[in-house]
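Look at the sequence and the model below, and follow the chain as the text points out a few of its features.

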Amino acid sequence: MIYVYMMFLATVLVGGSEYVKTINIKENDGYLTVKNQTVYRKILANFLYVLSFFVIFIPGAVRYYVGIDYTTYSLYQIPAILSNAPNVKVETLYRVIIKFGYWLGGQNSYQMIFFLTNLIIVLFLFLYIAELSAQRWLSIIIFMSLGFFFFSLSGMRQSIGVIIALWGLKFIKEKKLLKYIITILVAALFHSSVIFFLIFYFIDKLKINPFLVSIVMLILNVTAVHVRQFILFMSTQFNLYSSYFGGQFDNGDYSQTWVYLVILVMVLMCISRVALGKTLFYKNSMEINIHYFACLVVSIIGYLPTPVRLLFLFIPVYITLIPNVISLYRNRYARLILYGITIMVSAVFMYWFLFIQNIYMVLPYRYNFGNLLS
């Protein structure tokens, strides 16, 4: 239940932070001037937001053998990097994290490595939400319940890369190409797959109808065998991830839950395209286009190696996409209904991921402060 408590407390704190910002201040209200009240209100809002950061950060930082890859890293990757073993597939900046974290831990514990990993993920998550989400409290719920939080406790390198890349989306909005390229290159030094995010700068203004994408999804699903052959051919030609095809993870295994998640978001996009009209709907074209890539993956999901890891390049954008789209509805009751539906759907997914599937082996939750402080 710790994850449910984390989500509830973090959501309340972030919601409180947002509420504090909306308090109207009257002239000569109390003993403080309006200017002083504004300053204190900002301090309180930021304080509550920082508290919510610690609510999510600390349990992940002190966890002990929680998440599939905690064991994998502890037994294989980390010892291999520390012993300078050859042919270990760990990107440059995460090698730095491993060696620095091991040094911080007094060279007798790996816990500081996981501490630093979670610090980077949660820090950039909160920066991403603060700068790009229209409803921060809902972004927290989506992060905690729709899978990315649980994935971040296991797919650590990819999670760092993706969350840095998502934070970097602000440079697309600001039309700062160089800063965006630098951000993506840094993110790719944690996980090379994130280099794919470079394309989003150049398709930012593409306004693609979600109904058209839905038709494309159906076509791809019917022709998935041939699409796989084409992808395999291109992958071989450019020597990009060709080793994944035919390997142990190329077995067509995936959970239908991810398909339902992407389709539900696509339903929201189709409804919103009609309800909001072109002008409003395409204000979020950048995030929507990233979602479309998740749709393409889902269309041929059974024919791709490690398809869920591929999906986790794109579906974390839901953290801001869903709140940003709903916030555009001008009718207050429509917004409330959509918020309510989102919360209920999120609760169902969280229950399924956590208590039915035990996704990425995040239960039982264990912690060990001794390893951190030793």
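Lys 205 is exposed, because its relative accessible area is 59% and any value over 50% counts as exposed. The model in which this value was computed is a predicted one. To find Lys 205, go to the loop that runs between α11 (199-202) and α12 (210-222). Lys 205 also belongs to a patch of positive charge on the surface, together with Lys 173, Lys 207 and Lys 278.

Helix α5 covers residues 111-132, which makes 22 residues.

Is Val 262 buried or exposed? Its relative accessibility is 0%, so Val 262 counts as buried, the cut-off for buried being under 20%. In the sequence, Val 262 is 30 residues away from Tyr 292, while in space the C-alpha atoms of this pair are 9.2 Å apart.

The next features concern the backbone. Most residues other than glycine have a negative phi, and most peptide bonds are trans. Against that background, which residues stand out?

One is Asn 84, which is not a glycine but has a positive phi of about 60 degrees. Asn 84 sits in the loop between α3 (68-82) and α4 (92-104). With a relative accessible area of 56%, Asn 84 is exposed.

Lys 175 also has a positive phi of about 60 degrees, although it is not a glycine. The loop that holds Lys 175 lies between α9 (169-173) and α10 (177-188). Lys 175 has a relative accessible area of 47%, so it is classed as partly exposed.

The peptide bond to look at is the one that joins Leu 363 and Pro 364. This bond is cis, with omega at about 0 degrees. Pro 364 is found in a loop, with α18 (332-356) on one side and α19 (369-373) on the other.

Technical notes:
Residues are numbered from 1 along each chain as its sequence is written. This is a predicted model: local features need pLDDT of at least 70, side-chain atom pairs count only at pLDDT 80 or more; totals for chains, interfaces and linings use all residues. Side-chain values use heavy atoms; hydrogens and water are left out. Patches are made of residues with over 30% relative accessible area and no salt bridge: like charges are joined within 9 Å, nonpolar side chains (Val, Leu, Ile, Met, Phe, Trp, Tyr) within 5 Å. Accessible areas come from the Shrake-Rupley method with a 1.4 Å probe; for residues, only the protein chains shown count as cover. A salt bridge is a side-chain nitrogen of Lys or Arg within 4 Å of a carboxyl oxygen of Asp or Glu. Lys and Arg count as positive and Asp and Glu as negative; His and the chain ends are not counted. The place of a charge is taken as NZ of Lys, CZ of Arg, CG of Asp or CD of Glu. Helices (H or I, at least four residues) and strands (E, at least two) are DSSP runs, numbered from the N terminus. Buried means under 20% relative accessible area, exposed over 50%, partly exposed in between (1.4 Å probe, protein chains only). The expected span of a helix is 1.5 Å times one less than its number of residues.
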